[in-house]
Amino acid sequence: GAFIECTSLKKIEIPSLITSIEDNVFKRCVSLAEVNFPSNLKTIGKSAFAGCRDLRSISIPSSVTTIKQFAFNKCYSLEKIEIPSSITSINEHLFRECESIEEMVIPPSVTVIRDFAFSQCFNLRKITIPSSVTKIGNFAFNECMNLMKISIPNSVTSIGTFSFNACYRLKEVEIPSSVESIGAQTFQCCASLKEINLPPSL
């Protein structure tokens with residue numbers, strides 16, 4: 001990446017001619033606190049902002065159609081991110097270890113939450129999953145220790161292995177009749193879970 005580990009970089013103004021942010025370009029810019037994206041941006045590359053631990057909020061323009069895997073992985077201070085309705089997939093490890101995020105709204109354009117997408121978001125308390133989502137991947141919400149309730153929409157057909165593993169405070173889960181498969185150890189170590197109703201489709 002062109003600016004990988006530029007540890008003193010604090011602010012980025014991406015010019016309007018840029019339509020794609022390449023893989024790893026700002027990876028581990030640990031002092032980066034502000035990013036301004038152009039309104040015609042299409043793609044945010046793999047690990048583009050991974051390890052930018054001072055980044056607190058991100059507003060992604062509605063022109064963006066792809067955010068690749070690991071793009072915001074280990075952005076420890078990230079509290080707020082707006083995902084536009086142009087996004088169809090929450091990709092692998094996208095927000096893994098974004099431990100300051102407390103609430104996340106997934107737009108109704110998203111059809112799949114991929115493996116490890118929100119894994120180890122330790123302070124995630126509330127997430128809204130839209131009725132467009134059909135698949136929740138392996139380890140998707142692994143170790144979201146403060147997540148207390150999850151409502152799975154009636155569009156989901158598959159929930160992956162370990163997807164809610166070690167969600168220690170999870171008390172309530174609604175699994176709809178649309179679900180055809182639940183992976184191994186999906187709710188392992190959910191110590192607060194008292195009741196779960198499984199649909200006849202399983």
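Modeller: Before we start, note that this is a predicted model, and that a strand here means a DSSP run of at least two residues, numbered from the N terminus.

Colleague: Does Gly-160 count as buried or exposed?

Modeller: A residue counts as buried when its relative accessible area is under 20%. Since the value for Gly-160 is 8%, this glycine counts as buried.

Colleague: What distance separates the C-alpha atoms of Gly-160 and Ser-119?

Modeller: Along the chain, Gly-160 and Ser-119 are 41 residues apart.

Colleague: Which residue forms a salt bridge with Glu-34?

Modeller: Side chains of opposite charge can pair when their charged atoms come close. For Glu-34, the closest N and O atoms of the pair are 4.0 Å apart. The pair links distant parts of the chain, with Glu-34 in strand E3 and its partner 23 residues away in strand E1 (residues 11-13). That partner is Lys-11.

Colleague: In which loop does Arg-56, the partner of Glu-79, lie?

Modeller: The side chains of Glu-79 and Arg-56 meet in a salt bridge, at 3.8 Å from N to O. The two residues are 23 apart in the chain, and Glu-79 is in the loop between E6 and E7, whereas Arg-56 lies in the loop between strand E4 (43-44) and strand E5 (57-59).

Colleague: Why does Lys-80 count as exposed?

Modeller: Lys-80 forms a salt bridge with Glu-82, the closest N and O atoms being 3.8 Å apart. Glu-82 is partly exposed at 40%, while exposed means over 50% relative accessible area. Lys-80 counts as exposed because its relative accessible area is 51%.

Colleague: Which residues gather in a patch of positive charge on the surface?

Modeller: One member lies in the loop between strand E10 (112-113) and strand E11 (126-128), namely Arg-125, which is partly exposed with a relative accessible area of 37%. The complete patch is Arg-125, Arg-169, Lys-171 and Lys-194.

Colleague: What is the area of the nonpolar surface patch made by Ile-196, Leu-198 and Leu-202?

Modeller: Within this group, Leu-198 lies in the segment after strand E17 (195-197) and counts as exposed at 57% relative accessibility. Together with Ile-196 and Leu-202, Leu-198 makes a nonpolar surface patch of about 260 Å².

Colleague: What is the phi of Lys-74, a residue other than glycine?

Modeller: Lys-74 is placed in the loop between strand E6 (66-67) and strand E7 (80-82), and counts as partly exposed at 34% relative accessibility. Arg-28, also not a glycine, has a positive phi of about 60°. For Lys-74, phi is likewise positive, with a value near 65°.

Conventions: Residues numbered from 1 in each chain as written. Predicted model: local features only at pLDDT ≥ 70, side-chain atom pairs only at ≥ 80, totals over all residues. Heavy atoms only, no water. Patch = residues over 30% accessible without salt bridge, like charges linked within 9 Å, V, L, I, M, F, W, Y side chains within 5 Å. Areas by Shrake-Rupley, 256 points an atom, 1.4 Å probe, with all protein chains shown as cover. Lys, Arg positive; Asp, Glu negative; His and termini not counted. Charge placed at Lys NZ, Arg CZ, Asp CG, Glu CD. Helix = DSSP H or I, 4+ residues; strand = E, 2+ residues; numbered from the N terminus. Buried < 20%, exposed > 50% of the residue type's maximum accessible area, 1.4 Å probe, protein only.
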